[in-house]
Amino acid sequence: VTRRLVRAGVFLVLLGACSPPEPRITAREAWARPTWGDGADPTTPPAAPGVVYLVLANRGGRADALVSATTEVAALVEIHETRVDGDRMRMVHLTEGVPIPARGQLELRPGGVHLMLIDLARHLRAGESFGLTLRFAHSAAQTIQVEVRGP
Amino acid sequence: MPYPEPVETAEDFTLTDQEGRPFRLADHRGRVVLLFFGFVHCPDVCPVTLSTWGKVQAALDDARDRVEFVFVTVDPERDTPESLRRHLEIYGQEFHGLTGSQEQLAGVYEAYGIFQEKVPVGSSAGGYVVDHSTRMLLIDATGRLRLRYAFDVAAEDIVHDVRRLLAERAGP
């Protein structure tokens, strides 16, 4: 019995040493709305900001947070949340980032948390894609491809 | 009774559409009107509604000339007829995009109980979004307000209600 307990203890110590809880973030379903319809003049600069939605899954045992993002197609990316209070829609700038729970996920979907692309360098057309670099509180930065689709 | 008795007449207004032509609501009596307030620089919520309208219009293709989709700006500073036209082209549909002077629009917001407030965003000076009421209104062919929807209402629900109002009008 003692030997079994010791063996179990050694196993637990090893387990702890080998796998400290770390976040493991994977991004999927990244898409953006088009900013321009067919047949319009592409030389006119985009008037409206762009928007990106995606899902960030965390398979690790430690929570993380999405803190910022950058892309070559926009001067600035901000994390915003739409809050609908009855009939009133409010946009809240999430300057502290957004948590991604351990063994959970963060969903950026229409009507909720989204990435706002400010001062677009060019129009986003359905069928195109562009790179977006995501920065996290703990995990290394990741560059993902965002598909433009819609409307 | 499929719906409660109508309680309110939709207040008439005249604004300017995306082609620069006057648009008077009362000229569209005899048609069912969907009315929504938003703005071109709205990244998240307004596109949801416009995208839903695209589906509704496609589903009501057989009644195309009996249903009007009216988008009124809450951002007249930036939403010119030209920018409204370009924006609505993204959705490739026949929606009316309306703007006007601050005074004209203030009267419309008041009549329909629309809240709107500028909120700064971004690093660039002068960047802002407009927090606003997200309600979508359904006006029947006699010009009465019949229903109010949340911004994320399903297209099928709107199609169902519009068809009912169209049938009412065609009824005995």
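**Exercise 1. Count the salt bridges over all chains, then look at one inside chain A.**

Step 1. Apply the rule: a side-chain nitrogen of Lys or Arg within 4 Å of a carboxyl oxygen of Asp or Glu. Over all chains, that turns up 21 salt bridges.

Step 2. Pick out A:Arg109 and A:Glu29, whose closest N and O atoms are 3.5 Å apart. This pair links distant parts of the chain: A:Arg109 sits in the loop between β7 (104-108) and β8 (113-120) of chain A, A:Glu29 in strand β1 of chain A, 80 residues apart. Helices (H or I, at least four residues) and strands (E, at least two) are DSSP runs, numbered from the N terminus.

A word on the ground rules: this is a predicted model, where local features need pLDDT of at least 70 and side-chain atom pairs count only at pLDDT 80 or more, while totals for chains, interfaces and linings use all residues. Residues are numbered from 1 along each chain as its sequence is written, chains are lettered from A and ligands numbered from 1 in the order in which they are written, and side-chain values use heavy atoms, with hydrogens and water left out.

**Exercise 2. Work out how chain B meets chain A.**

Step 1. Take contact as heavy atoms within 4.5 Å. On that basis, 25 residues of chain B touch 32 residues of chain A.

Step 2. Get the buried area, meaning the accessible area (1.4 Å probe) that two parts lose on being put together, summed over both. It comes to about 2300 Å², with 62% on carbon and sulfur atoms. B:Pro43, B:Asp44 and B:Ile90 supply 26% of what chain B buries against chain A, more than any other three residues.

Step 3. Check for charge pairs across the interface: the rule finds one salt bridge. A:Asp87 and B:Arg135 meet in a salt bridge through their side chains, at 2.7 Å from N to O.

Step 4. Look for strand pairing, which takes at least two DSSP bridges between two strands. Strand β5 (residues 88-93) of chain A pairs with β8(B) in the antiparallel sense, over two bridges. Here A:Met89 stands opposite B:His132.

**Exercise 3. Classify the ring pair A:Trp31 and A:Tyr53.**

Step 1. Rings of Phe, Tyr and Trp (its six-membered ring) pair if their centres lie within 6.5 Å; planes under 30 degrees apart are stacked, over 60 edge-to-face, and the rest tilted. The structure holds nine such pairs over all chains.

Step 2. For A:Trp31 and A:Tyr53 the centres are 4.9 Å apart and the planes at 40 degrees, so the pair is tilted. A:Trp31 belongs to strand β1 (residues 25-32) of chain A and A:Tyr53 to strand β2 (residues 50-58) of chain A, 22 residues apart.
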